Amino acid sequence: MARYIYQPLPPIPPQGVGPPYTRLLSLTAGTHKEPLHCTLANIQTDNSPPYEALSYVWGKKTAEIVPPILCDGQPISITPNLDNALRYLRYEHQPRSLWVDAICIDQENTQERSRQVQDMRLVYKHASRVVVWLGPKAPGIELAFDLAAKLARVRDIPQTGLVSFDVLVGMSEDDFELATFYLSDIFDREYFVRTWCVQEVVAATACIGKSEDLEINFLDLLSSSQYVVARRGQMFPGKPLEFWNMISLKKSSPLPSDIEGSMGGLLILLGATRDFKATDARDKVFALFGISDEGLQPHLALTKIMGNRDSFHYKLMQKTVKGIADFVNSSDPEKQAGRPKALKTDYDKDLMEVYRDLARFLIRCSPRVLDVLSHVQHTDDPTQSFYFPSWVPKWFQPRSASILGGAGMFLAGFCDGHFRYFATVHDNPLSGNAVQPNHLRLDGFKVDRVTKVSSVMTFGLHDPWPAEAIWVEMFGSPLFPRPALPIAYRNGEALDIAFCLTAMASPLGGVFEDLLATQSGHGKLSDKDLPRLKQRAKADVAQFLIENSGVETSSTPQYGALLALMQSAGEYASTERFNLAAKIFSHNRCFYVTQTGFLGIGPQMMKAGDEMCIFYGGRTPYILRPMYDHHVFIGDTYVYDEDIMWGKATESVMRGRSHIPAFTFELR
């Protein structure tokens, strides 16, 4: 049987803005077991008859083969999961208007795929509702749906801790436990780790979840994810289920925003969805264009600043740039003024080009801060990789470690003063292509050379941080009990305190729970809080060292300073808080010592002989491997030194007050 031939979509007009077009599927009526039939018609997306958009996963490749759907009598291949979904969506006595990507897009036409994917957000936005296909029923799914609906009804009731959730939802304790188990099982389904599904739900104006003949308000189901996250526990924040919970909160209580439909900045979303999956790894990027600030309003990338974004002058600048872009686009949409090539969906580019060009774009964005480099997390030797440049993040790989500069905490490569751009980048033009696109040339300076590196530190959720083992590996003597005369670190503090503060990336680890609280809307963290929180981190470390000492510390002189430090914070010290912070920020990293005695935690692929360097515009220092005529980028690092982490060393170099010379690094 001949393959179905798609009718071409109307061409983009040479002048003037053309409306978005797609195809609409009319699913022919029939019983569950009858063959699937449909017709396709070209429509204008924002002026079409009512339709529903299907959100689903294509499914893993299996040996199972299902008959194709017949479109106007001609076959279109579909996956078993889509076949199952369409059979439960099909009406028995009337056709049903649907939009389904595998059928409505000519998947073998890369130019059409690029065009339609660029507009996919509009397809889901203009649908009368989005149907999320969760797959076939499983035992207990009815109980899970019922619990999710009940939890949604009580989610706005203030929780005093005096009444348990099983009482609030009117269930016995045993039934609640069983229903929660099945609810957790739903969130383990493949749907909740697929990248494209995020955009489809975010763009929807109404959304239901469906499993065979069962249906539930999908936002009610998502709102229950917070209970599942709390019950599971996890070492790292930012896992897929937490991101879905964030979507639920944003859609149920939308905040005023300059950008409708955005979930935030593109780089933040790339990090937050790193553990999501996509059949085509390029879609890890393309799927976020429709829900990110830069993807929806590309001109914002040209006008970002560090500082007050609510000022009159900043908002006026943004409106001016947007007005120019809108005017140019109205006369020539192909120019897409303000939209760099890196933000265009283009399936003619290979994977490395998509990721490399986006990394270059994010580096070039005003005010040129190098946050994207902290997303590089090598899990194999980058000197042996000849396809991906070492400085390009592989967002298709799951996150292996926490991002040290992700909270905007440090300012290692910054200098006091007014600067239009912070990073100094060579051969990275605003328009046009770089002469050597795989090479990244940045200005900065070398701080020190790494002389000793620990084995890679890995921990389980409930494991204690193995301080003794790491200390012995690095220094060759026991950590406990404390010697009569504690060894001093280069800043005068006791070495055991500096060692522990390094592991928790102080003050980042010390303020971690406070950062989570501010992100949840509870209070606000300011610069004025940092001294207090730094002192609390030291008190936590002192408490940890005392609890694990193995001696009666109150009568042991060398522990007197720790006891005083523990009480100095003015609030309770917590070994548990230290343990969690040390595990979060040193997991899958190495502990190291430099030639001049700096302590640090760095990427798992680092080794002795690597260099600890600072780039202008980078929040943290970085570990580089010197080669004959270039450097290989290994990853970001934390060094226990105030001057390095907060920009005083950079200021000394830039102002000519240091013997350390500036240098142009070439990364490959």
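Visitor: Where does Leu-479 lie?

Guide: Leu-479 is in the loop between helix H17 (467–475) and helix H18 (495–503). Keep in mind that this is a predicted model.

Visitor: Why is Leu-479 called buried?

Guide: Buried means under 20% relative accessible area. Leu-479 has 4% relative accessibility, so it counts as buried.

Visitor: Which residues is Leu-479 in contact with, leaving aside its neighbours within four places in sequence?

Guide: They are Ala-467, Glu-468, Trp-471, Asp-496 and Phe-499. Take Glu-468: it is 11 residues from Leu-479 in sequence. In space the two are 5.6 Å apart, C-alpha to C-alpha.

Visitor: What kind of peptide bond runs from Phe-480 to Pro-481?

Guide: That bond is cis, with omega near -5 degrees. Pro-481 also sits in the loop between H17 and H18.

Visitor: Which other peptide bond is cis?

Guide: The one from Ser-366 to Pro-367 is cis, with omega near 5 degrees. Pro-367 is in the loop between helix H16 (351–364) and strand E10 (425–426).

Visitor: Now Phe-187. What makes it buried?

Guide: The cut-off for buried is under 20%. Phe-187 has a relative accessible area of 5%, so it is buried. Its place is in the loop between helix H7 (173–186) and H8.

Visitor: What does Phe-187 touch, leaving aside its neighbours within four places in sequence?

Guide: Its contacts are Phe-192, Leu-221, Leu-222, Ser-224, Ser-225, Val-228, Arg-232 and Leu-241. Leu-221 is 34 residues from Phe-187 in sequence. Their C-alpha atoms are 9.4 Å apart in space.

Visitor: Let us turn to helix pairs. What describes two packed helices?

Guide: The angle between their axes and the distance between the axes.

Visitor: At what angle do H10 and H11 pack?

Guide: Helix H10 (residues 225–232) and helix H11 (residues 240–252) pack at about 150 degrees. Their axes are 9 Å apart.

Visitor: Why is H10 called roughly antiparallel to H11?

Guide: Angles over 145 degrees count as roughly antiparallel. The angle here is about 150 degrees. That makes H10 roughly antiparallel to H11. H10 passes H11 in a left-handed crossing.

Visitor: Which residues make that contact?

Guide: H10 brings Ser-225, Gln-226, Val-228, Val-229 and Arg-232. H11 brings Leu-241, Glu-242, Trp-244 and Asn-245. By type, they are 4 nonpolar, 3 polar and 2 charged.

Visitor: How do H8 and H11 pack?

Guide: Helix H8 (residues 195–203) and H11 pack at about 10 degrees, with axes 11 Å apart.

Visitor: Are H8 and H11 parallel or antiparallel, and how do you know?

Guide: Under 35 degrees counts as roughly parallel. The angle is about 10 degrees. H8 and H11 are therefore roughly parallel to each other.

Visitor: Which residues meet there?

Guide: Cys-197, Val-198, Val-201 and Val-202 in H8 meet Phe-243, Trp-244, Ile-247 and Lys-251 in H11. This contact divides into 7 nonpolar, no polar and 1 charged.

Visitor: What about Glu-651: buried or exposed?

Guide: The limit for buried is under 20%. Glu-651 has a relative accessible area of 18%, so it is buried. Its place is in helix H24 (residues 648–654). Not counting residues up to four places away in sequence, Glu-651 touches Phe-414, Cys-415, Asp-416 and Arg-657.

Visitor: What makes Asp-72 partly exposed?

Guide: Partly exposed lies between buried, under 20%, and exposed, over 50%. Asp-72 has a relative accessible area of 47%, so it is partly exposed. Its place is in the loop between strand E4 (69–71) and strand E5 (74–76). Phi of Asp-72 is near 50 degrees, a positive value in a residue other than glycine.

Visitor: And why does Asp-427 count as partly exposed?

Guide: Asp-427 has 26% relative accessibility, so it counts as partly exposed. Asp-427 lies in the loop between E10 and strand E11 (440–453). It has a positive phi of about 55 degrees, although it is not a glycine.

Visitor: How many of the residues of the protein chain count as buried?

Guide: Of the 668 residues, 54% count as buried.

Methods:
Residues are numbered from 1 along each chain as its sequence is written. This is a predicted model: local features need pLDDT of at least 70, side-chain atom pairs count only at pLDDT 80 or more; totals for chains, interfaces and linings use all residues. Side-chain values use heavy atoms; hydrogens and water are left out. Buried means under 20% relative accessible area, exposed over 50%, partly exposed in between (1.4 Å probe, protein chains only). Axes are lines fitted to C-alpha atoms, for helices over the stretch in contact, and angles run from 0 to 180 degrees between N-to-C directions. Helices (H or I, at least four residues) and strands (E, at least two) are DSSP runs, numbered from the N terminus. Angles under 35 degrees count as roughly parallel, over 145 as roughly antiparallel, 65 to 115 as roughly perpendicular and the rest as oblique. A crossing is left-handed if the near helix is turned anticlockwise from the far one by less than a right angle, and right-handed if clockwise. Contact means heavy atoms within 4.5 Å. Ala, Val, Leu, Ile, Met, Phe, Trp, Tyr, Cys and Pro count as nonpolar, Asp, Glu, Lys and Arg as charged, and the others, Gly among them, as polar.
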